[in-house]
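Please read the points below with the structure open beside you.

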Amino acid sequence: MMQIDKKILTLFSVLFLAFAASAKAVCPVCVVAIGSGVGLCRWLGIDDTISGLWIGGLIVAIILWTLDWMNRKNYKFKFRNILVWALYYLMVIWPLYSFDIMGHPLNKVWGIDKILFGIIAGSIVFLFSVFLNGHLKKKNNGKVYFYYQKVIIPVVLLSIFSFIFYLIIKCY
């Protein structure tokens, strides 16, 4: 049963990533940087709250890519945005629970699973960075203030929050 679940999960992941790869709502370099951050966190044994922070950022980046791709292809249907958001979060959170990566009773911060808490915080931070980038461009007549602003803002904000969470978790 576990082999079938892994094969299905891999198939769905590849299919969804294939569709998201051609859209450019959030630049690909930013998504690669966030994805690298997730892998690095897990490899270094960094707290799950911080890993979740980067996972949340990655989910939002891919969701925005997908929605932009759907807009350019003129795929419009009722509840499209809600469905895309829900499906991506489900595709990430469900396997984490299924493979016992999330849900351990001792892996909590403030009563919430550390990875889930990080995903929520990372999603908010990434969304804020997208709005901040748009606001800065609007203030500057549609131009960026510095090269790779669209990449640097989310990565810097996620890094700052990673450090803040590190300090909080260390004291907790």
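1. For the chain, the mean pLDDT is 79, with 76% of residues at 70 or more.

2. Two stretches call for caution. Over residues 1–5 the pLDDT stays under 50, and the model gives them 1 contact beyond four places in sequence. Residues 20–25 are also below 50, but this stretch has 20 contacts in the model beyond near neighbours in sequence. Where pLDDT is low, the predicted coordinates should not be read in detail.

3. Helix H3 covers residues 48–72, which makes 25 residues. From its first C-alpha to its last it reaches 36 Å, close to the 36 Å expected at 1.5 Å a residue. Is this helix enclosed or open to the outside? It is largely enclosed by the rest of the structure, because 22 of its 25 residues are buried. Just after H3, Asn74 has a positive phi of about 60°.

4. How many salt bridges does a search of the whole structure find? The search finds 2. In one of them, the side chains of Asp47 and Lys114 meet at 2.8 Å, N to O. Asp47 sits in the loop between helix H2 (28–44) and H3, while Lys114 belongs to helix H5, so the pair ties together parts that are 67 residues apart in sequence. Lys114, at 13%, counts as buried.

5. Another salt bridge joins the side chains of Arg72 and Asp68, at 3.3 Å from N to O. These two residues are 4 apart in helix H3, so about one helical turn separates them. An α-helix has 3.6 residues a turn, so residues three or four places apart point the same way. Asp68 is partly exposed, with a relative accessible area of 23%.

6. The surface carries a nonpolar patch whose members include Trp110, Tyr145, Phe146, Tyr147, Tyr148, Ile152 and Ile168. Together the residues of the patch have about 1100 Å² of accessible area. Where in the chain is Tyr147 found? Tyr147 lies in the loop between helix H5 (114–139) and helix H6 (149–171). With a relative accessible area of 74%, Tyr147 is exposed, since the cut-off for that word is over 50%.

Definitions and conventions: Residues are numbered from 1 along each chain as its sequence is written. This is a predicted model: local features need pLDDT of at least 70, side-chain atom pairs count only at pLDDT 80 or more; totals for chains, interfaces and linings use all residues. Side-chain values use heavy atoms; hydrogens and water are left out. The expected span of a helix is 1.5 Å times one less than its number of residues. Buried means under 20% relative accessible area, exposed over 50%, partly exposed in between (1.4 Å probe, protein chains only). Patches are made of residues with over 30% relative accessible area and no salt bridge: like charges are joined within 9 Å, nonpolar side chains (Val, Leu, Ile, Met, Phe, Trp, Tyr) within 5 Å. Accessible areas come from the Shrake-Rupley method with a 1.4 Å probe; for residues, only the protein chains shown count as cover. A salt bridge is a side-chain nitrogen of Lys or Arg within 4 Å of a carboxyl oxygen of Asp or Glu. pLDDT is the predictor's confidence in each residue, from 0 to 100. Contact means heavy atoms within 4.5 Å.
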